[in-house]
Amino acid sequence: MNTHSFGIDLGTSNIKIYSRLDDSIMLEKNMIAIMNKKRLFAYGDSAFEMYEKAPGNISISYPLCNGVIADIQNMEILINHFMNGIMKNNVKPGDFFMAVPTDITEVEKRAFYDLIKDSEVKARRIMVVEKALANGLGMDIDVKNSQGVLIVDVGYNTTDISIISLGGIVISRMIKCGGLSFDETIKNVIRNELCLYIGGKTAENVKMQLREIETQGINAVVYGRDIVTGLPVERTIPTKSIDHALADNFNVIVDNIKIVLERTPPELSADIYRNGIYLTGGGSLVHHLAETIEVGTGLKVNRAEEPLLSVAMGLSKVINNDKYASIAYSIEGMGR
Ligand SMILES: Nc1ncnc2c1ncn2[C@@H]1O[C@H](COP(=O)(O)OP(=O)(O)OP(=O)(O)O)[C@@H](O)[C@H]1O
Ligand SMILES: [Mg+2]
């Protein structure tokens, strides 16, 4: 295998790139800041730092939406910069392995391939790996030989629910509920209960701290703008109200897992019963979600050790372990 091999998990909020050069995974915000509609101002984590704080002439955005590439031009700029950084400006022909969601159209899948083909990176080979299979490998499942494995990847604005068996995808369903939905719910609770507007980043911070706050038995402290006076203020909110509201989001995920289970061939259902559910994706870290899924489905939930990185870790296995090489396929010439 070429040492210049890279595995790319193009997430809606985070991009993860495995590099065989130093056997490491880069994790950065998949975000771009453009000044005056044309000049690149910042990208990755630095663009995210400015998000919701930048003046009107700097536009900050995610080039992906719902797991698919929505802004190809900016995504290309980002890939060129990230890859240049990884290759230390010494771009050599490489092999690229792209993780793609299953429940998207062929044209949307093709866009992942075209992104690399049309960018400045020199691609010797561009291969595609179904995201659920990469996730399985990243969670140490022998996806080529295992039968009936249910994987739930809670991402940024979507959750992928997939059943894999013997190296292939049996069913895959993508729903529009993820980490961002949880942030929006927290924002709404705080607006309704405290008459306070908070930003997306504040909501995300509250979400990430829920476990710690509840363990310590304290309330969340938030800063924002009072709806009535318009002044900046600090307020405390009991986490109970937040938990209560988040339960609705969690139930959407549970209901959709049940829909997938209902459509599963019975022989595979028996395997899933034995194996339990494999839960991953950054969004899955939110407090109480794993328990809610366990209670709602009656199945054991196995949580990924590295939920943000499991796809990229799986791609590293496809790249480094010949046994899994056949999971990757080429889509060159398809869809055109
Ligand atoms: N400790 C945490 N607690 C709760 N949520 C978290 C935590 N850490 C990260 N998240 C959430 O995880 C989400 C991002 O996860 P991830 O990187 O898996 O998504 P993505 O791969 O970019 O998106 P997608 O797969 O949907 O395209 C964000 O919504 C973030 O707020
Ligand atoms: Mg993801």
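Trainee: Where does Asn36 sit?
Mentor: Asn36 lies in the loop that runs between β4 (32-35) and β5 (39-43). Keep in mind that we're looking at a predicted model.

Trainee: Which loop holds Asp140?
Mentor: Asp140 is in the loop between α4 (131-138) and β11. Asp140 also has a positive phi, about 65°, and is not a glycine. Asp140 is partly exposed, since 15 other C-beta atoms lie within 10 Å.

Trainee: Switching to the ligand. How many residues surround ligand 1?
Mentor: There are 20, and the closest are Gly11, Thr12, Gly155, Gly179 and Gly282. By type, the shell divides into six nonpolar, 12 polar and two charged residues.

Trainee: Which helix gives the most to that shell?
Mentor: That's α6, with three residues. Both α5 (179-194) and α6 (200-216) supply at least two each.

Trainee: Tell me about α5, then. What does it span?
Mentor: α5 has 16 residues and reaches 22 Å from its first C-alpha to its last, close to the 22 Å expected at 1.5 Å a residue. Just after α5, Cys195 takes a positive phi of about 55°.

Trainee: Which residues of α5 are buried?
Mentor: Gly179, Leu180, Ser181, Phe182, Asp183, Ile186, Lys187, Val189 and Ile190. The elements covering them include β11 (149-154), β14 (196-197), α6, β15 (220-226), β16 (232-237) and α7 (239-262).

Trainee: Zooming out, how many helices and strands does the chain have?
Mentor: The protein chain has 10 helices and 18 strands. Its radius of gyration is 21 Å, close to the 20 Å that the globule rule gives for 336 residues, so the chain is as compact as a globular protein of that length. The C-alpha trace spans about 60 × 55 × 35 Å along its principal axes, and 44% of the residues count as buried.

Trainee: What domains does the assignment give?
Mentor: The domain assignment gives domain 1 (5-136 + 310-327), domain 2 (142-177 + 247-303) and domain 3 (179-244). The centres of domain 1 and domain 3 are 32 Å apart, taken over C-alpha atoms.

Technical notes:
Residues are numbered from 1 along each chain as its sequence is written. Chains are lettered from A and ligands numbered from 1 in the order in which they are written. This is a predicted model: local features need pLDDT of at least 70, side-chain atom pairs count only at pLDDT 80 or more; totals for chains, interfaces and linings use all residues. A residue is near a molecule or strand if its C-beta atom, placed from the backbone, lies within 6 Å of it. Helices (H or I, at least four residues) and strands (E, at least two) are DSSP runs, numbered from the N terminus. Ala, Val, Leu, Ile, Met, Phe, Trp, Tyr, Cys and Pro count as nonpolar, Asp, Glu, Lys and Arg as charged, and the others, Gly among them, as polar. The expected span of a helix is 1.5 Å times one less than its number of residues. A residue is buried if 20 or more other C-beta atoms lie within 10 Å of its own, exposed if 12 or fewer, and partly exposed in between; C-beta atoms are placed from the backbone. Two residues are in contact if their C-beta atoms, placed from the backbone, lie within 7 Å. Domain bounds come from an automatic or database domain assignment. The radius of gyration is taken over C-alpha atoms; the globule rule is 2.2 Å times the number of residues to the power 0.38.
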